[in-house]
Amino acid sequence: MVEEPIQETDIVVIGGGQSGLSVAYFLRRTGRSFVILDDQPRAGGAWLHGWDSLRLFSPAEASSLPGWPMPRPAGSDAGFPARQQVIDYLNAYEARYKLPIRRPVRVEQLTRHTDGYIIRTDKGSWRAPAVVCSTGTWTQPILPAYPGQSDFRGLQLHSAHYHSSDSLAGQRVLIVGGGNSAAQILAEVSEVAHPVWVTLTEPTFLPDDVDGRVLFSRATERYHAAQAGQSPESTGRLGDIVMVPSVQAARSRGVLQARRPFVRITAQGVVWPDGRSESFDTIIWCTGFRPATDLLGPLGLVDREGRVATDGTRAIDAPGLWLVGYGNWTGFASATLIGVGRSARQTAEEINAYLPQPQPSI
């Protein structure tokens, strides 16, 4: 069997979700050749895998990628865009800027090469002096380890694999996690089932008039203050629970009551700290994600938490490699639609400066 020739380009962007698209928007301006390799069947990134009723907690105009605000759907008010609206926006964004995306293409390995990197995929190989890793976190859900966890006879699933409450009607459901995902899933499940909510500490609910737009503004103020060595007082964090309409409705029904964690899991349910046992049919883990950076394993850069040492978005120990969109360690609020633009711009500028400058024609 004849091996296909390796394709050449200046930059390979791994991942075609919101972070990869943001970087691509700025790479277009450099005139460099690049390609985006995305393992999803269509546009949308991790949003393709969110639960059916998932909504943003910021209005459309505050949930946009660089260059083009998310359109407000016809007839919509200033409410929170639904998951499908985000997917439609990302699809339109790709088309609007004619971004060079190949999909579905699964990157299997990234290795060093004399002139950069070899990117091996299930659809052939690429060689590039610069690589941007923007694979996100969705494929790496975190499941806390509890004694007896493997003994549980009911269903356990992570929020990454939760789609709707249709199959949970009448069940006893344990929901674990204190963030916005847990609150929204709890709100939905409570309409058809009997949920119990577990959080490490008492959850923080924001005022009804505070949405993600306000949170981002406050978090930005704190970030700049910290950079200047200051510590301003400010309420509201990006991890606090936004009172979207479904969560407000759950509050009205009296279901936003959280308990502290159980001590172990049994075949039928859990045991609480006071020794009391309680039975459950399903456990939904809303316990976060780790970076999907396993493909960087051969480079010897990834720590136990899936992180890579970076200066901004640039990998410190791997010249020509950048990581975008994984959270504050790769740029302030870079895991959000509106926040990734700043680090994407910086990344494109650094890559352009890193690559050899084109020689003028004689």
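Where is A333 found? Select it to start the tour. A333 sits in the loop between β19 (321-323) and α6 (340-354). Keep in mind that this is a predicted model.

**Stop 1: A333**

Look at the backbone here. Phi of A333 is positive, about 55°, although the residue is not a glycine. Is A333 buried or exposed? A333 counts as buried, because its relative accessibility is 5%.

**Stop 2: the whole chain**

Zoom out. The chain has 6 helices and 19 strands. Of its 362 residues, 50% are buried. The accessible surface comes to about 17400 Å², and carbon and sulfur atoms hold 50% of that. Now think about contacts with a separation of 6 or more: 65% of them join residues 24 or more positions apart.

**Stop 3**

Select K98, in the loop between α2 (83-96) and β4. K98 has a phi near 50°, a positive value in a residue other than glycine. K98 is exposed, because its relative accessible area is 72%.

Move along to P104. This residue lies in the loop between β4 (101-102) and β5 (107-113). Check the peptide bond from R103 to P104: the bond is cis, with omega near -10°.

**Stop 3: helix α1**

Select residues 18-27, which form helix α1. How many of its residues are buried? The count is 10 of 10, and the helix is mostly covered. Among them are L21, V23, Y25, F26 and L27, along with Q18 and S19.

What covers the buried residues of α1? The cover includes the strands β2 (11-14), β3 (34-37), β4 and β8 (130-133). The helices α2 and α6 also belong to that cover.

**Stop 4: aromatic rings**

The structure holds 13 aromatic pairs. One of them joins Y93 and Y97, edge-to-face, at 4.9 Å centre to centre with 65° between the planes. Y93 and Y97 are both buried.

Now try a ring with a charge. Select R259 and W272. The charged end of R259 sits over the ring of W272, 4.9 Å from its centre.

**Stop 5: the nonpolar cores**

In soluble globular proteins, nonpolar side chains tend to be buried together. Which residues have the most contacts inside the largest nonpolar core? Select I11, Y93, I175, V189 and I284; this core has 63 residues.

Centre on I175. Beyond its neighbours within four places in sequence, I175 is in contact with residues including A182, I185, L186 and V189. Its contacts also include P195, V196, W197 and V198, as well as I284 and C286. A second, separate core has 24 residues, including V107, Y117, W126 and L295.

**Stop 6: an open sheet**

Stay with W126. In which strand is W126 the bridge partner of Q7? The strand is β7. Two strands meet here: β1 and β7 (residues 124-128) run parallel and are joined by 2 bridges.

An open sheet of 4 strands runs in the order β1-β7-β6-β5, with mixed pairing. β1 (7-8) and β5 stand at its edges, each with a single partner strand, so one side of each has no neighbour in the sheet. Strands of a sheet pair through backbone hydrogen bonds, either parallel or antiparallel.

Next, select S125 in strand β7. S125 is buried, because its relative accessible area is 12%. Leaving out residues up to four places away in sequence, S125 touches P5, I6, Q7, I119 and R120.

**Stop 7: V255**

Finish at V255, in the loop between α5 (245-252) and β12 (258-259). V255 is partly exposed, with a relative accessible area of 21%. Not counting residues up to four places away in sequence, V255 touches L186, S190 and A250.

How many residues separate V255 and A183 in sequence? They are 72 residues apart in sequence and 10.0 Å apart in space, C-alpha to C-alpha.

Methods:
Residues numbered from 1 in each chain as written. Predicted model: local features only at pLDDT ≥ 70, side-chain atom pairs only at ≥ 80, totals over all residues. Heavy atoms only, no water. Buried < 20%, exposed > 50% of the residue type's maximum accessible area, 1.4 Å probe, protein only. Contact = heavy atoms within 4.5 Å. Pairing = 2+ DSSP bridges. Areas by Shrake-Rupley, 256 points an atom, 1.4 Å probe, with all protein chains shown as cover. Core = buried A, V, L, I, M, F, W, Y, C linked by side-chain atoms within 4.5 Å. Phe/Tyr/Trp six-rings, centres within 6.5 Å; stacked < 30°, edge-to-face > 60°. Lys NZ or Arg CZ within 6 Å of the ring centre and 35° of its normal.
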